[in-house]
Amino acid sequence: MRALLVASFGGHLVQLERIAAHLSLGSTVWVTTRPASMDQPHHVITDFNKTTLWRAGRCAVDIQRILRHERCDAAISTGAAPGLLCLAVARLGGSYTVWIDSVANVRRLSLSGRLATWLCHETLTQWPEVAAGHRRVSYLGSVL
Amino acid sequence: MIFLTAGGQLPFDRLAEVALEGARSLPEEPVIYQAGPGGTAWFEHRDVPANLAIEEFMEVGRHRKLMVEARWVVSHAGMGSLLPLLEQARPVLVFPRLKRYREHRNDHQLDTAIAMRERFGLTFYTESQALISQLAQTPSATDDSKLELIERRREEFGHRLQGMLESRVR
């Protein structure tokens, strides 16, 4: 299995690194939002959030440039907004997409996570109480 | 050495104040403050003591190293810091960004701080004075009893996620 792993610099990326360490994925393509964020080779895409939505276009171009050359069976993200955009594009290319909402979202799903319930094949939370409130959200475990 | 970290996203003025007052009250102790983007502006018209070093942004390796070496780490309630701190069982004082001071859009950092206290016994502060006086105290012996629990949870999570991926990807 070839997997696209995408997460914003900082806590999102730290979580995805921990999760990936417990998966056997065959080969991986890492994508994040800042250079030199991790030891593994990684692509860098433009960061944006809901207050800087105008940068999403540039982020989409960055994602296209990567996914043109990378065919991935699965795409997994722990957030944030650029990760969601990446999963949406990867899904169009035929990837099975999994959104894992950050463990920081203790009481409610992030906005990206709520959008992911419509854009991705699977949406996971790391808190059972959060999953209980959503029909389309599951709990499979947590990094903590 | 005391290390304070505001993360890589936003400045955090009340944590800046903890860094400044902490450094003033412990003049013999080096204090390093990772202030976040724009976080040095708060110090511009203030007297910064010689034992306080301020950096807006740090590369990951240096950030990790300081978290391991510090006598106390004071951290915003962000996972980029809290995850490695928990994994290393470091003495940490959590200082969540609060919506009421407009430090974040919502109170998810307070929710995180409460959850980390319940699950791992981490201490958090919502007001700076109590936190500043705690810095003079000696941390109790590190408690690594939770490390095995974290590792087991991750193994279970990985196992279930792997199963899901294999059943959906040909």
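Is Gln134(B) buried, partly exposed or exposed? At 23% relative accessibility, Gln134(B) counts as partly exposed, since buried means under 20% relative accessible area, exposed over 50%, and partly exposed in between, with a 1.4 Å probe and protein chains only.

Before going on, note that this is a predicted model, in which local features need pLDDT of at least 70 and side-chain atom pairs count only at pLDDT 80 or more, while totals for chains, interfaces and linings use all residues. Residues are numbered from 1 along each chain as its sequence is written, chains are lettered from A and ligands numbered from 1 in the order in which they are written, and side-chain values use heavy atoms, with hydrogens and water left out.

**Two single residues**

Stay on Gln134(B), which is placed in helix H5 (residues 128-134) of chain B. Helices (H or I, at least four residues) and strands (E, at least two) are DSSP runs, numbered from the N terminus. Show what surrounds Gln134(B): apart from neighbours within four places in sequence, it is in contact (heavy atoms within 4.5 Å) with Trp72(B), Leu93(B) and Tyr125(B). For a distance check, pick the C-alpha atoms of Gln134(B) and Glu56(B), which are 78 residues apart along the chain and separated by 24 Å.

Now select Val31(A), in strand E2 (residues 27-32) of chain A. Val31(A) has 0% relative accessibility and counts as buried. Beyond its neighbours within four places in sequence, Val31(A) is in contact with residues including Leu4(A), Val6(A), His43(A) and Ile66(A). Pro82(A) is 51 residues from Val31(A) in sequence, and their C-alpha atoms are 9.7 Å apart.

**Aromatic rings**

Colour the aromatic side chains. The whole structure has four aromatic pairs over all chains; rings of Phe, Tyr and Trp (its six-membered ring) pair if their centres lie within 6.5 Å, and planes under 30 degrees apart count as stacked, over 60 as edge-to-face and the rest as tilted. One of them is the stacked pair of Phe12(B) and Phe95(B), at 5.5 Å centre to centre and 15° between the planes. Phe12(B) sits in the loop between strand E1 (2-5) and helix H1 (13-25) of chain B, and Phe95(B) in the loop between strand E5 (92-94) and helix H4 (108-120), so the pair ties together parts 83 residues apart in sequence. Phe12(B) is buried at 1% relative accessibility, and Phe95(B) is buried at 0%.

Next, select Tyr33(B), Trp42(B) and Phe43(B), which form one aromatic cluster. In chain A, Arg136(A) lies over the face of Trp118(A), at 4.1 Å.

How many salt bridges does the structure hold over all chains? There are 12, each a side-chain nitrogen of Lys or Arg within 4 Å of a carboxyl oxygen of Asp or Glu.

- Arg14(B) and Glu103(B): the closest N and O atoms are 2.6 Å apart. Arg14(B) is in helix H1 and Glu103(B) in the loop between E5 and H4, 89 residues apart. Both residues are buried.
- Glu69(B) and Lys65(B): N to O is 3.3 Å. Both lie in helix H2, four residues apart, about one turn of the helix.
- Arg100(B) and Glu127(B): N to O is 3.1 Å. Arg100(B) is exposed at 56% relative accessibility, whereas Glu127(B) is partly exposed at 38%.

**Between the chains**

Show both chains: 35 residues of chain B are in contact with 36 residues of chain A. The area buried between them is about 3300 Å², of which carbon and sulfur atoms give 67%; this is the accessible area (1.4 Å probe) that two parts lose on being put together, summed over both. In chain B, Arg154(B), Phe157(B) and Leu165(B) lose the most area to chain A, together 19% of what that side buries.

The interface has three salt bridges. Select Glu122(A) and Arg168(B), whose side chains meet in a salt bridge at 2.7 Å, N to O. The largest share of the side of chain B that touches chain A, 14 residues, comes from H6(B). Finish on Arg18(A), Glu87(B) and Arg154(B), which are linked in a network of salt bridges.

Conventions
Lys NZ or Arg CZ within 6 Å of the ring centre and 35° of its normal.
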